[in-house]
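Biologist: I have not looked at this one before. Can we go through it piece by piece?

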Amino acid sequence: MYRLTEEGSGYLRGGLPEKRILNLLSKGVKTDLTEIRNIPGANIGLGWARKKGWIVIEGSEVEITDKGVEVVLTEQEEEKALKEVESSGVTNEDMIKLLLSRKLIEEGKFLKPIPKEKKSFFGKVFGKKKETIEEIREIKQLTPEMIRTGSWKSKSLRKYDVTTPAPTIYPGKKQPYMQVIDEIKEKLIGLGFEEMKGPLVETNFWNMDALFIPQDHPARGIHDVLILKNPVKGMLPDQNLVARVKATHEGGWVTDSRGWGDVWDEDKASQLLMRSQTTPVSARTLVEKGDVPGKYFTIDRVYRYDVIDATHLPEFKQLEGIVVGENLTLRHLFGFIQELSDALGLGKVRFKPGYFPFTEPSTEGYIRHPKFGWIEVFAAGIFRPEVVRPLGIEKMTVLAWGFGLGRMAMIKLGIDDIRMLYSNDLKWLREKELL
Amino acid sequence: MAIVEVSKKDLLNLVGRKMPDEEIEEKLFLLKCEVEFEGDTASVEVNPDRPDMLSVEGIARAMRNFLEISLPTKYAVSDSKVSIKGSSQIRPFIAGAVIKNVNLTDELVKSLMQIQEKLHLSLGRKRKKVAIGVHDFDMIKPPLEYKDVEDASFVPLGESREMIVSQILEEHPKGMDYAHLLERWRIYPMIYDKEGVISFPPIINSERTKVTEKTKNLFIDVTGTDLRSVEQVLNILVTSVVERSGVIESIRINRKKYPNLDFEKRIIQLEDINELLGIGLKEGEAAKCFERTGYNVLKFKGGKLEVLIPPYRADILHDVDLIEDVAIGYGYNNIKPILPKLSTIGSLSKKGKFTRKVRDLMVGLGFQEVSNLVLTSKENDSVKMKLHKESVEILNPVSNEYDICRTWLLPGLLKVLAANKHVYYPQLVFEVGDCVILDEEKDVRTKTVRKLSGAVIKDTANLTEMRSMIEAILKNLGLKYEIKPFNHDFFIKTRSGDIFVNNKNIGFFGEINPEVLNNWMLDRPVIGFEIDLERIMEK
């Protein structure tokens with residue numbers, strides 16, 4: 001498809017420059033070169049006229065030849081071709097070559113040129129005379145202007161190959177382990193649990209003593225917990241509470257227990273550490289909420305002295321909950337664990353007697369995994385009287401439970417290295433599908 | 001948790017019944033133990049509350065009770081006429097016993113070694129609280145004396161020459177292991193017989209009184225810093241040995257007679273049992289449950305049960321300990337779960353709800369969430385960021401990469417970016433997480449603070465773009481904000497600002513200083529921001 005350039009259009013109207021030279025010379029006037037040169041386009045005209053043999057230039061005089069005389073009144077091939085391009089956008093190949101080289105036409109996908117006689121008319125009724133615009137070419141991109149003017153109606157949009165792969169993009173996403181945790185929180189809230197919180201740095205008082213763990217228990221040492229260098233000591237809570245805990249450790253206080261018998265040291269209790277379990281949060285919550293029914297949970301970080309490998313990190317998350325109510329029994333504890341297991345889609349729970357220093361009776365709950373067989377995922381029990389009585393709980397019974405969060409998350413996410421739960425691998429994070 | 005290794009053959013022999021592996025596993029499971037088999041060896045996991053099961057004899061005894069093959073019986077104790085006089089300041093409590101006519105089979109010897117080791121570790125608190133010595137009674141020449149001395153010379157077990165205390169503590173393997181328990185003292189506890197030292201607790205016995213295949217009679221000494229633990233360990237050891245063979249004879253220590261193998265009588269209310277367990281037992285049924293877990297029941301009537309607690313049980317502090325045994329005797333697999341009728345409304349904490357909103361906004365802005373540990377290093381938290389921050393420090397970190405608590409999140413994000421230099425750019429990462437700040441006012445001298453941080457790394461990192469993001473976040477949280485220029489060492493000078501909400505400085509944003517980029521080995525511009533969510537949340 002071609003159309004006239006501005007120059008081409010000008011020649012069509014005003015005649016080819018070489019023709020104009022001829023017209024000048026044909027009047028029989030011998031012309032001085034310098035005079036001719038003053039006329040616009042004269043140089044081009046002189047060049048072509050000479051090339052075509054229509055003129056001779058001797059010194060500073062230009063004279064028309066016999067050939068030139070013949071040609072004066074005849075339509076040139078170029079002129080004819082220009083007309084054809086203007087009206088239909090095409091002409092013969094030879095002419096196309098020539099006109100292109102003279103820069104009188106150019107290539108492109110254009111609207112069919114508006115016929116001269118219709119031009120001004122068209123200008124007035126632009127857009128309404130559809131029949132004057134012929135739809136012949138394809139468009140790559142729909143533009144706002146086309147939509148606004150409706151000009152898209154007479155066009156066809158080029159086919160788009162929808163099967164070609166496109167560049168990969170990564171949406172913003174939540175971290176996979178966080179997704180697992182969010183989902184579990186949803187289920188717990190659905191079961192009526194309220195989220196509780198506690199500090200990451202704890203005193204031994206809340207982390208151990210209030211939970212009736214004896215002060216010389218091996219799990220309180222530097223090979224088990226992360227003790228602080230700075231700060232070193234914290235403040236113990238309310239004096240009366242401290243006194244009750246002390247009395248309970250030393251001789252059972254009023255709990256009908258033997259107690260541990262050892263002397264209870266306030267100094268040891270005020271030592272600071274990174275909390276080694278979430279149970280201090282439960283203890284603090286019991287004191288805060290008092291001797292009334294409630295269900296509380298927390299999913300939060302805890303710390304142990306564990307050398308880092310595929311199954312150990314010094315920092316990991318625990319899921320813990322307490323159910324505070326009147327007349328709760330071991331059957332209720334089992335019932336509640338089974339309900340939780342059902343909510344998490346883990347199936348029937350097999351209960352084994354267990355041992356934790358702060359609960360009695362205690363249990364470990366196993367579920368059957370299709371690949372790993374029976375695995376322990378629940379740890380639970382009824383808080384001992386030596387724990388709850390000093391904290392001010394007398395009417396209520398407190399069921400406590402914990403769930404092996406990290407392990408289940410690893411199974412769910414299909415990973416076998418615990419460090420992946422905190423992965424820095426952006427490629428993995430970007431490509432891991434949503435839970 | 002202790003792993004006790006036993007021979008399956010030996011175990012079943014002591015139980016008195018043949019059982020396939022699955023049944024052994026099932027019964028032990030219901031008795032609180034997990035077990036793994038490899039050939040003839042069964043590795044039994046024993047919980048810290050059952051030191052009486054730290055030997056194959058103790059495990060077999062528990063199984064026999066459970067399977068109703070036998071009930072605990074009284075222990076007959078006659079008098080050996082041996083006595084120990086004296087005392088020690090360092091290990092004030094001492095107990096002991098004689099066991100005559102012991103058939104020292106390989107199994108018994110192996111078991112004896114294992115239970116001593118395990119008792120030392122658990123109840124003995126690595127020998128500090130309790131230490132055990134086992135001797136060939138026939139090699140002992142009474143009378144016995146227990147005293148602290150400045151020095152002593154004897155041939156310790158395993159040696160052929162006489163050694164004095166300092167040599168033992170420095171050269172003998174057990175001396176080296178446990179010398180620290182005697183660090184503060186200049187005197188040392190010793191048990192003497194007529195001829196010399198027979199035991200240097202908690203370190204080592206004498207070679208002279210060592211147990212050999214020819215030994216027929218055993219003498220056991222137990223010393224320590226806690227009376228109850230010393231007595232319990234003696235009882236556990238003695239009752240374990242006589243499961244196989246032997247006759248127990250007592251010794252007199254000052255005015256006490258040991259071992260005291262009396263069963264403690266205890267009255268427990270049926271009502272208390274049912275209140276805690278919820279299985280609605282009658283007296284007779286409860287009695288049966290007790291018997292299955294090793295308690296003789298003297299009588300059960302009128303809502304009361306009179307039970308006898310065996311002398312080897314170290315874990316009965318409160319009635320609840322007995323009640324758990326009732327549940328075990330009943331069979332945990334027989335307890336039918338029921339749901340508590342407790343109607344409560346669940347919810348996230350206020351902070352939890354706010355965190356969720358913030359995370360949703362960040363995801364909406366196209367950021368990938370990351371999760372880092374709170375534990376970090378001074379290097380990462382301060383030095384690489386051109387700062388000197390005070391933080392919580394760990395005394396015994398597992399490595400020096402994790403020896404403090406992070407005070408902010410941005411370094412963690414830079415760490416993530418630094419690990420992903422071969423991953424497509426641009427990268428947008430964020431974290432919402434807890435940091436720990438020192439705070440004298442709090443009872444734990446620290447404040448756990450929830451923060452939000454985001455970082456963008458790309459060739460044409462654009463501060464304006466980040467400001468738009470911050471505005472989007474704050475506006476959507478319903479907050480009016482103000483930016484004031486402020487230079488931070490980790491940002492490029494004049495290319496950072498602090499964010500104010502309600503005239504409170506809640507955070508900052510800026511373009512990371514190339515020096516900091518170098519520290520993290522990052523080679524592209526990074527823009528970052530961090531906001532203290534607690535400050536926004538407080539009224």
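Biologist: Where is E70(A) found?

Modeller: E70(A) sits in helix α5 of chain A, residues 66–71. Helices (H or I, at least four residues) and strands (E, at least two) are DSSP runs, numbered from the N terminus. Before going on: this is a predicted model, where local features need pLDDT of at least 70 and side-chain atom pairs count only at pLDDT 80 or more, while totals for chains, interfaces and linings use all residues. Residues are numbered from 1 along each chain as its sequence is written, chains are lettered from A and ligands numbered from 1 in the order in which they are written, and side-chain values use heavy atoms, with hydrogens and water left out.

Biologist: Is E70(A) buried or exposed?

Modeller: E70(A) is exposed, because its relative accessible area is 65%. Buried means under 20% relative accessible area, exposed over 50%, and partly exposed in between (1.4 Å probe, protein chains only). The C-alpha atom of E70(A) is 9.0 Å from that of W54(A), 16 residues apart along the chain.

Biologist: And T397(A), where is that?

Modeller: T397(A) belongs to strand β17 of chain A, residues 397–403. With a relative accessible area of 17%, T397(A) is buried. Leaving aside neighbours within four places in sequence, T397(A) is in contact with V323(A), V324(A), G325(A), N327(A), L328(A) and I382(A). Contact means heavy atoms within 4.5 Å.

Biologist: Switching to helices. At what angle do α1 and α6 of chain A pack?

Modeller: Helix α1 (residues 6–14) and helix α6 (residues 77–88) of chain A pack at about 120°, with their axes 10 Å apart. Axes are lines fitted to C-alpha atoms, for helices over the stretch in contact, and angles run from 0 to 180 degrees between N-to-C directions. α1(A) and α6(A) are therefore oblique to each other. For that label, angles under 35 degrees count as roughly parallel, over 145 as roughly antiparallel, 65 to 115 as roughly perpendicular and the rest as oblique.

Biologist: Which residues make the contact?

Modeller: From α1(A) they are G8(A), Y11(A) and L12(A), and from α6(A) they are E79(A), L82(A), K83(A) and E86(A). The residues of this contact of α1(A) with α6(A) divide into three nonpolar, one polar and three charged. Ala, Val, Leu, Ile, Met, Phe, Trp, Tyr, Cys and Pro count as nonpolar, Asp, Glu, Lys and Arg as charged, and the others, Gly among them, as polar.

Biologist: Over in chain B, how do α1 and α3 cross?

Modeller: The axes of α1(B), residues 8–15, and α3(B) come within 8 Å and cross at roughly 45°. That makes α1(B) and α3(B) oblique as well. D10(B), L11(B), L14(B) and V15(B) of α1(B) meet V56(B), E57(B), I59(B), A60(B), M63(B) and R64(B) of α3(B). The residues of this contact of α1(B) with α3(B) divide into seven nonpolar, no polar and three charged.

Biologist: What do the buried residues of α9(B) pack against?

Modeller: They pack against α3 (56–66), β16 (264–269), α8 (270–277), β17 (296–301), β18 (304–309) and α10 (319–330) of chain B. The buried residues of α9(B), which covers residues 283–292, are A286(B), A287(B), C289(B), F290(B) and R292(B). G294(B) follows α9(B) and has a positive phi, near 90°.

Biologist: Which residues other than glycine have a positive phi?

Modeller: F212(A) is one of them, with a phi of about 65°. F212(A) is in the loop between α11 (204–207) and β10 (228–230) of chain A, and at 1% relative accessibility F212(A) counts as buried. M521(B) has a positive phi near 60°, but at 60% relative accessibility M521(B) counts as exposed.

Biologist: Where are cis peptide bonds?

Modeller: One joins E360(A) and P361(A), with omega about 0°, and P361(A) lies in strand β15 (residues 359–369) of chain A. The bond from P201(B) to P202(B) is also cis, with omega near -5°.

Biologist: Last topic. How many residues does each chain put into the contact between them?

Modeller: Chain B gives 90 residues and chain A gives 97. The area buried between them is about 8,200 Å², of which carbon and sulfur atoms give 58%. Buried area is the accessible area (1.4 Å probe) that two parts lose on being put together, summed over both. In chain B, F29(B), L317(B) and Y332(B) lose the most area to chain A, together 9% of what that side buries.
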